[in-house]
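Subject: Structure for you to look at

Hello,

Here is the structure I said I would pass on. Please open it first, then read the notes below.

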Amino acid sequence: MDLDSLYQEIILDHYKHPHHAGLREPYQAEVHHVNPTCGDEVTLRVHLSGRDADAVVEDVSYDAEGCSISQAAASVMADLVIGRTVKDASAVHQEFLTLMQGRGTVEPDEDVLEDGIAFAGVAKFPARVKCALLAWMAWKDATSQVVDHDENTTKEQS
Ligand code: ZN
C-alpha cells in the first residue's frame, strides 16, 4: 500500500468513526467556527482542569459538519489534545500547523502527530488546508477564552 492510500484510509476511518464526537458537559467555553470556502462547520467545547498553560485538557467535545477532511481532522485533534496540558497540546497544534502550511514539503513526525500524519497529503492542496485546520482553530480559540482571561492569577491557583 502506498503512502497516499494509507493516509486516505486513516482519514476515512476517523470520518466514519469519529473519536470524542458529540457535545458534552461540563465545559468552560464553546465556539462555532465556519470554513466558508468548503462549507464546513464545527461547534466545539473545551473543559480544562485550570486556567493556565499547565492546565490539563480534560475534554474536547464537538459537533462537526462538512467534508470528510474537516470531520476527520476534528477527530484526530481531539485524540491529540485530550489528556495533555494546554502547553503540550499547543505544541502539537504548532507542529500540525507547520505540516499543513508546508505545501507537502514537510515530513510529518508520527511520534508527535500520530494519525495527524495522514493530513500530509492534504497539505499539497491549499483549498483543503482550511478544512484540516478548522477544528484546530476552534480548539485554540475556545482554549484561549478559558486561559487568557485570568493571566494574572494563573500561578496562584495551585
Ligand atoms: Zn472541507
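Helices in these notes are DSSP runs of at least four residues, numbered from the N terminus. Please keep in mind that the model is predicted.

Surface charge: Glu9, Asp13, Glu95, Asp109, Glu110, Asp111, Glu114 and Asp115 form a negative surface patch. Helix H1 (3–16) and helix H4 (110–113) each give at least two residues to the negative patch. Glu9 lies in helix H1. Its relative accessible area is 49%, so Glu9 is partly exposed, because the exposed class begins over 50%.

Backbone: most residues other than glycine have a negative phi, and most peptide bonds are trans.

- The peptide bond from Glu25 to Pro26 is cis, with omega near 0 degrees. Pro26 sits in the loop between H1 and E1.
- Arg103 is not a glycine, yet its phi is positive, near 50 degrees. This residue, Arg103, is in the loop between H3 and H4, and it counts as exposed at 60% relative accessibility.
- Glu114, also not a glycine, has a positive phi of about 50 degrees. Glu114 is in the loop between H4 and H5 and counts as partly exposed, at 37% relative accessibility. The negative patch includes Glu114.

Regards

Notes: Residues numbered from 1 in each chain as written. Predicted model: local features only at pLDDT ≥ 70, side-chain atom pairs only at ≥ 80, totals over all residues. Heavy atoms only, no water. Patch = residues over 30% accessible without salt bridge, like charges linked within 9 Å, V, L, I, M, F, W, Y side chains within 5 Å. Areas by Shrake-Rupley, 256 points an atom, 1.4 Å probe, with all protein chains shown as cover. Salt bridge = Lys/Arg side-chain N within 4 Å of Asp/Glu carboxyl O. Lys, Arg positive; Asp, Glu negative; His and termini not counted. Charge placed at Lys NZ, Arg CZ, Asp CG, Glu CD. Buried < 20%, exposed > 50% of the residue type's maximum accessible area, 1.4 Å probe, protein only.
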